[in-house]
Amino acid sequence: MSEFDKTILIIEDDEGLQRQLKWHFDDFESTIVTASTLTEAIAAVRLYEPSVVIQDLGLPPDEEGVTEGFKCIREILSLKPATKIIVLTGKNDHSNALRSIELGAFDFYLKPVDTDMLDNVVSQAFRLAKLEWENQQTSPEIEPLQGVITSDTKMANICRMALKIASSNITATILGESGTGKEVFARAIHANSRQSEHEFVAINCAAVPENLMESELFGYEKGAFTGAAKQTIGKVEQAQGGTLFLDEIGDMPLQLQAKLLRFLQQRTIERVGGRKEIAVDLRVICATNKNLEAMVKDGTFREDLYYRICEIEVNLPPLRERGSDACLIAKKLVTKHAGNYAQKSLKISDDALEAIRQHDWPGNIRELENKVKRALVLCDGKSISAFDLDLSVESETPTVDLINLKEARKQAEVSAISSALEISQQNVTAAAKLLGVTRPTLYDMMKKYNFTIDNT
């Protein structure tokens, strides 16, 4: 399917209401399909694959019950799990409406039908269905490099660049914000290189104290300093034949930068306290979240070392600039970690996907992974919600609370009654005329919402 299919299936055995809904949604820029029975509905789902279904719970031969309606929901979702089903139900069937949600329905709407209000529910359903569709279309399990998951064109181009880097022995530096996956990317380059049969050895230059960095990198001889009880090889020798990953290279002490440059140029090292030069053959990949060019100008990073480690630069974009990657990666992380938290078959709900899409992700993939782990611990249902992720969704239609239409109607009625009473100066008869209802009806509504009239 090259374009999102905006099809609505209306399942309603009341011919009058079915015609009314069909006529109304003809102006919705959608393909409208109707069905009156479970059999017709399932046939329509197979044939048209509708994104949104508007369904009455009372279907023949159980028009007065809900057995056939519940069965219809289950069969539709078994055929097309992403379908957004909006259940139409009577005002006294609140428990059955909630049961529909438990079965997987998207939302419910209480009869009698107000088509304008129903429009908002359908619009939200289509918006979330399209979001899921876009995620599927742009990301059919794309994993161009081992461990790198993306559907973004820019990232795909970077992955192709990485494959070319892997086939050479060039020294590359990966640039990007904290949490963008620089080490994952470095490991992917290693996995696709001729060094893949040997070790990938990583050292964080910001995590090792300055006085220990040299011995950590190059090793030391017995007796080189107090506590050096035996000869010990460093990270460089550990990576012999493989890949040495220098993470946070921008934090390397200036004094040690000269020795690192000598190693990179001559491919030999001397252990601390030693006099013998040791030849090494390995790939070097560096990474930093700092601006090395600016550091060179400030004199905090050697210019000659900068040009030596940046024979080629790889700029990883932040997660917020990677299109639908956040949603795609989140799904992968749920699958990856679910077993560790005794969660076997969780999915990410529509509201959670929308929240993930809207969030700016200042901490990038690391932040996303933390949010997913949090959700796996706190989730009580069968799907992860935005609340579980500790994220919020900014509604594009703030006047309607699509999660709770009853509350939305209440707010609208309270606002209208308040305005009418204010305009009529607390005259109930005049206010009722403004609202288009009878005086007794307005009194009932005022009692319902605890309105009082000041007669003083």
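**Residues and cores in a predicted model**

Analyst: In this predicted model, Asn-364 lies in helix 15, which covers residues 364-378.

User: What is the phi of Asn-364, and is this residue buried or exposed?

Analyst: Most residues other than glycine have a negative phi. Asn-364 has a positive phi although it is not glycine, with a value near 60°. Because the cut-off for buried is under 20% relative accessible area, Asn-364, at 0% relative accessibility, counts as buried.

User: Where is Arg-267 found, and what is its relative accessible area?

Analyst: Arg-267 is found in the loop between helix 10 (254-266) and strand 9 (268-269), and its phi, near 55°, is positive in a residue other than glycine. Buried means under 20% relative accessible area, so Arg-267 counts as buried, with a value of 19%.

User: Which residue does UniProt list for "modified residue: 4-aspartylphosphate", and why does it count as buried?

Analyst: The unreviewed UniProt entry lists Asp-56 for this feature, and in the model Asp-56 is placed in strand 3, residues 52-56. Not counting residues up to four places away in sequence, Asp-56 touches Ile-11, Glu-12, Asp-13, Leu-88 and Lys-111. Since buried means under 20% relative accessible area, Asp-56 counts as buried because its value is 8%.

User: Which residues are joined by a cis peptide bond, and what is omega there?

Analyst: Most peptide bonds are trans. The cis bond here joins Pro-60 and Pro-61, and Pro-61 is found in the loop between strand 3 and helix 3 (67-79). For this bond, omega is about 5°.

User: Which element gives the largest share of the largest nonpolar core?

Analyst: The largest nonpolar core has 32 residues, and Leu-217, Val-236, Leu-246, Ile-249, Phe-263, Phe-301 and Ile-309 touch the most other members. Elements that each supply at least two residues of this core include strand 7 (200-204), helix 8 (210-218), strand 8 (243-247) and helix 12 (303-309). The largest share, five residues, comes from helix 10.

User: Which residues are in contact with Val-236, leaving aside its neighbours within four places in sequence?

Analyst: Val-236 is among the core residues that touch the most other members. With those sequence neighbours left aside, its contacts are Leu-217, Phe-218, Leu-244, Phe-263, Ile-269, Val-280 and Leu-282.

User: How many residues are in the other core that lies apart from this one?

Analyst: In soluble globular proteins, nonpolar side chains tend to be buried together. The other core includes Ala-326, Leu-353, Ile-365 and Leu-391, and its number of residues is 28.

Note on methods. Residues are numbered from 1 along each chain as its sequence is written. This is a predicted model: local features need pLDDT of at least 70, side-chain atom pairs count only at pLDDT 80 or more; totals for chains, interfaces and linings use all residues. Side-chain values use heavy atoms; hydrogens and water are left out. UniProt positions are given in the numbering used here, feature names are shortened, and annotations may be inferred rather than shown by experiment. Helices (H or I, at least four residues) and strands (E, at least two) are DSSP runs, numbered from the N terminus. Buried means under 20% relative accessible area, exposed over 50%, partly exposed in between (1.4 Å probe, protein chains only). Contact means heavy atoms within 4.5 Å. A nonpolar core is a set of buried Ala, Val, Leu, Ile, Met, Phe, Trp, Tyr and Cys residues joined through side-chain atoms within 4.5 Å.
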